[in-house]
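Dear colleague,

I am handing over the structure below, and I would be glad if you could look through it before reading my notes.

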Amino acid sequence: MIKGKAWKFGDNINTDDIIAARYLNTIDEKQLAAHCMETIMPGFTMKVSKGDIIVAETNFGCGSSREHAPVAIKGCGVAAVIAKGFARIFLRNSINIGLPVIELPQASEINEGDELEVDLENGVIKNITKQKSYTFTKYPEFLQDIIKNGGLIEWVKIKHIK
Amino acid sequence: MTITEKIIAKHSGKDKVSPGEFVESNVDLVLANDITGPLSINEFEKAGATKVFDPDKIVLVPDHFTPCKDIQSAELVKRLRGFAKKYKVRFYEIGKVGIEHALLPEEGLTRPGDFIIGADSHTCTYGAVGAFSTGMGSTDIASAMITGKVWLKVPPSIKFVYTGKRNKYVGGKDLILYTIGKIGVDGANYKSMEFTGDTIQNLSMDNRFTMCNMAIEAGAKNGIIEPDEITALYLEEVGVTSDLTLKSDEDAVYESVIEIDVSKIMPQVAAPHLPSNSKNVDEFSDVKIDQAVIGSCTNGRISDLRRAASILNGQTIHHEVRCIIIPATQKIYQQAVKEGLVDVFISAGCVISPPTCGPCLGGHMGVLGEGEVSIATTNRNFIGRMGHPKSYVYLANPEIAAASAVKGKIIHPDKI
């Protein structure tokens with residue numbers, strides 16, 4: 001179960017907003033995390049707490065295919081991203097590195113600071129602050145498995161290599 | 001189901017799939033190049049893998065910075081070469097290598113109904129033979145090299161219906177540039193673009209490759225064309241026997257249907273810095289160019305070279321323009337020599353590059369300096385794509401690129 005505070009973002013948050021290209025000279029999670037969302041929400045990495053949740057509108061993660069973007073978000077301690085929709089490569093990359101991403105058409109109803117609870121296994125999001133509950137289409141078991149195991153490579157290790 | 005849904009269902013062990021559904025699919029071919037492959041190999045090793053799922057279904061194509069432009073690129077290719085040797089996967093050495101998306105179909109590695117993934121965004125090219133093919137990240141490719149599987153969300157399909165006769169010089173490039181101009185660079189984000197209609201039924205394979213190649217420039221997951229007699233003839237040439245009955249069902253569900261009257265489309269040019277900035281070539285008559293690039297996975301096939309040569313025959317490249325011709329594969333290069341096309345190019349003052357992606361991504365073999373302008377038959381004109389951040393790329397078909405190289409400015413081929 002994921003439990004944390006919502007951080008709100010708008011439409012079309014691109015991978016440059018998430019982590020600017022000038023910081024891509026490293027693949028270190030901590031170094032990338034230090035600059036996460038820096039241009040659109042200065043100080044985000046200082047304010048966010050482990051387990052918090054990013055909530056955005058449409059087309060989150062559009063732009064380049066850089067896997068560094070979900071790595072930076074995960075590196076900040078963000079436990080999940082909820083959005084009305086995701087750009088397709090960002091969605092793949094997130095799941096592959098073990099960052100839960102959830103499509104929720106009612107994402108606009110969530111405000112910054114709302115306390116959220118996300119149950120990935122049962123496909124339920126609870127907005128504790130607003131006393132509202134939403135269901136979302138659960139990932140199939142193997143995708144839940146990937147996320148639970150910390151990403152695609154870890155999952156492959158367990159399932160296919162031993 | 002649509003043709004895309006049918007291929008995905010078959011490779012996922014299901015009778016039916018629907019858009020939005022997550023599936024795990026078996027792949028028929030896994031591709032990586034000299035830029036993305038080394039990263040995949042790192043992940044492969046991180047996973048502790050000791051073997052690949054099927055050496056015959058993995059292809060490593062060092063085409064981007066080859067023949068190696070510097071020490072770093074030589075090290076990257078060494079990494080691919082070493083991995084290929086160790087795991088006995090397909091690897092194309094210099095002398096055999098060509099641009100991946102021209103090479104694989106030519107090698108008979110892409111078939112109707114196949115499920116193909118590649119660590120290169122233009123992997124969508126193989127939709128032209130009726131395959132489902134899409135680009136992914138390096139980690140996905142590493143995983144597929146180990147397991148032979150990939151996870152996927154079934155895309156909704158948009159049906160594009162092209163009808164009517166093509167105007168002079170209007171080819172696959174013009175149709176796709178026009179289409180991207182109409183729907184935008186995210187107009188098919190996440191979706192499948194299915195190209196249909198009598199215009200497509202009469203379109204050559206090379207033109208079909210060009211169209212499917214640029215599906216990604218509208219954000220699409222894949223582009224696809226139902227295999228037909230034209231596909232069959234092509235497959236016969238490359239020694240592939242395959243099922244050609246694969247079609248979308250009459251009652252297939254499309255998210256939308258977009259009808260395009262081809263007779264109204266004139267030769268297109270896309271201005272910097274988006275492929276969607278496409279307009280009639282006549283609207284660009286005052287744009288001076290420094291360079292023309294004719295090649296790439298989009299337009300480096302033999303018919304593209306023939307089209308360029310038909311314009312350049314007996315002409316001279318403008319004295320202030322560099323015209324770079326890049327046959328996409330060795331076979332295409334050899335054919336161009338046999339047909340006398342290379343003679344036409346050299347006589348006109350062009351330079352011929354070995355097969356490489358090279359200048360398309362600002363790698364080598366024709367990088368632009370500050371303020372320079374190139375017309376190119378490539379696929380992207382993003383900021384700094386061909387070199388300096390303040391350089392400019394205009395996308396066009398081979399005839400326009402050739403004519404512009406002669407005139408020194410962007411021009412309709414009939415006006416030189």
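What follows is a short account of the contact between the chains, then of a sheet and a helix pair.

This is a predicted model, in which local features need pLDDT of at least 70 and side-chain atom pairs count only at pLDDT 80 or more, while totals for chains, interfaces and linings use all residues. Residues are numbered from 1 along each chain as its sequence is written, chains are lettered from A and ligands numbered from 1 in the order in which they are written, and side-chain values use heavy atoms, with hydrogens and water left out.

The contact (heavy atoms within 4.5 Å) draws 27 residues from chain B and 21 residues from chain A. About 2100 Å² is buried between the two chains (accessible area, 1.4 Å probe, lost on putting two parts together and summed over both), and carbon and sulfur atoms give 62% of that area. On the side of chain B, the most area is lost by Phe22(B), Thr139(B) and Trp151(B), together 31% of what that side buries. The rule finds two salt bridges across this interface (a side-chain nitrogen of Lys or Arg within 4 Å of a carboxyl oxygen of Asp or Glu); Lys153(B) and Glu103(A) meet in a salt bridge at 2.8 Å, N to O.

Chain A holds an open sheet of seven strands (DSSP runs of E, at least two residues) in the order β4-β3-β2-β1-β5-β6-β7, with mixed pairing (at least two DSSP bridges between two strands).

With best wishes

Definitions and conventions: Helix = DSSP H or I, 4+ residues; strand = E, 2+ residues; numbered from the N terminus.
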